[in-house]
Amino acid sequence: MSSGISEPERVATVTSAPPDTKRSAYTGRLAVVMFGSPGSGKGTQSKFLVDWLRIPQISTGDMLREHIRRGTEVGKAIEARMRAGSLVSDELVNQLVYERIHQSDCDRGFILDGYPRTPAQAQEMMRLLGSVGAREVVIHLVVDYNIIIARMTGRRVCPVCGTLYNAISRPPRVEGVCDLDGEVLGIREDDREDVVRERLTQYEASTRPLIEFFRKSSERLFEVDASQDRPETVFGKIQDALASLLDRDPVQLSGSAMAGMVTDGARAR
Ligand SMILES: [Zn+2]
């Protein structure tokens with residue numbers, strides 16, 4: 001480090017980075033599309049990416065719920081469809097995403113969560129991204145379903161104080177009993193094995209065609225093994241995948257360093 005940049009400043013920015021950060025400082029306009037089954041840790045990895053890349057996460061589910069809560073025209077249309085037992089139309093979801101990614105906080109990029117949900121949405125998404133000069137990066141968190149079932153069905157909850165336990169990662173001191181108040185632990189409906197299996201089956205059926213779509217139409221699909229229990233280890237693999245992209249496609253991803261981000265790793269490697 002013999003550059004003219006003052007050392008203390010560098011150190012100060014390093015400490016603000018998420019754990020185990022290897023490289024940072026992407027700019028360009030990235031559209032990170034996250035896929036991961038229930039229990040794959042998708043939420044945690046998305047949050048790491050938000051912190052690392054400093055771009056917003058766009059959840060279409062949250063957007064739809066927000067419209068319903070605020071009672072907007074869109075919200076009323078969604079509610080009417082749901083009452084009729086039908087899905088929210090691709091056109092409506094596409095429109096919401098279109099409006100959202102035109103907001104200024106998406107200038108450098110964004111993370112898409114829960115979108116696209118159908119091949120028709122995926123097709124429209126590719127067109128949309130092309131029109132705003134964003135490049136997709138699809139990250140598919142791949143986890144052995146047996147591991148997910150073991151993880152999720154091992155969860156226990158105290159019916160009195162709400163403390164969560166996990167047979168694998170956070171067992172109570174005495175099996176089946178809350179550490180804090182001695183209450184007998186229960187299983188939440190969502191963590192029952194038949195419920196978990198059903199959700200995984202549904203996920204598989206709805207996601208497989210999307211992954212197939214991106215295998216054919218995108219050069220930037222990364223299938224990341226997320227079986228590791230430590231989220232930081234999984235995130236390291238995602239960082240490596242994005243860094244390989246930076247090497248391969250520097251024009252799209254290079255640019256001026258973001259405020260507060262470290263630049264030494266990404267360029268001087
Ligand atoms: Zn308790």
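Strands β4 and β7 run parallel and are joined by five bridges. One of those links can be located by residue: His140 has Glu223 in β7 as its bridge partner. Keep in mind that this is a predicted model.

Now look to another partner of β4. Strand β1 (residues 30–36) runs parallel to β4, and seven bridges join the two. Here Ala31 has Glu136 in β4 as its bridge partner.

Is strand β4 largely enclosed or left open by the rest of the structure? Count its buried residues. Strand β4 covers residues 135–142, and six of its eight residues are buried, so the rest of the structure largely encloses it. Across the whole protein, 27% of the 269 residues count as buried.

Step back to see the sheet. Five strands form it, in the order β2-β3-β1-β4-β7. The sheet is open, and its pairing is parallel. Which strands lie at the edges? They are β2 (57–59) and β7 (221–225), each of which pairs on one side only. Neighbouring strands are turned against each other by 25 degrees on average, ignoring direction.

Strand β2 pairs with strand β3 (residues 109–113) in the parallel sense, over three bridges. Gln57 stands opposite Ile111 in β3.

Next come the helices. The protein has 11 helices and seven strands. Two packed helices are described by the angle between their axes and the distance between those axes. Take helix α6 (residues 119–131) and helix α8 (residues 193–217): they pack at about 35 degrees, with axes 9 Å apart. The crossing of α6 past α8 is right-handed. Which residues meet there? From α6 come Pro119, Ala122 and Met126; from α8 come Pro209, Leu210, Phe213 and Ser217. Of the residues in this contact, six are nonpolar, one is polar and none is charged.

Finally, check the confidence. The mean pLDDT of the protein is 82, and 80% of its residues reach 70 or more. Two stretches fall below that. Over residues 1–27, pLDDT stays under 50, and the model has 44 contacts beyond four places in sequence for them. Over residues 250–269, pLDDT also stays under 50, with 35 such contacts in the model.

Conventions. Residues numbered from 1 in each chain as written. Predicted model: local features only at pLDDT ≥ 70, side-chain atom pairs only at ≥ 80, totals over all residues. Axes fitted to C-alpha atoms, helices over the stretch in contact; angles between N-to-C directions. Helix = DSSP H or I, 4+ residues; strand = E, 2+ residues; numbered from the N terminus. Left-handed = near helix turned anticlockwise from the far one by under 90°. Contact = placed C-beta atoms within 7 Å. Nonpolar A, V, L, I, M, F, W, Y, C, P; charged D, E, K, R; others polar. Buried ≥ 20, exposed ≤ 12 C-beta atoms within 10 Å, placed from the backbone. Pairing = 2+ DSSP bridges. pLDDT = per-residue confidence, 0-100.
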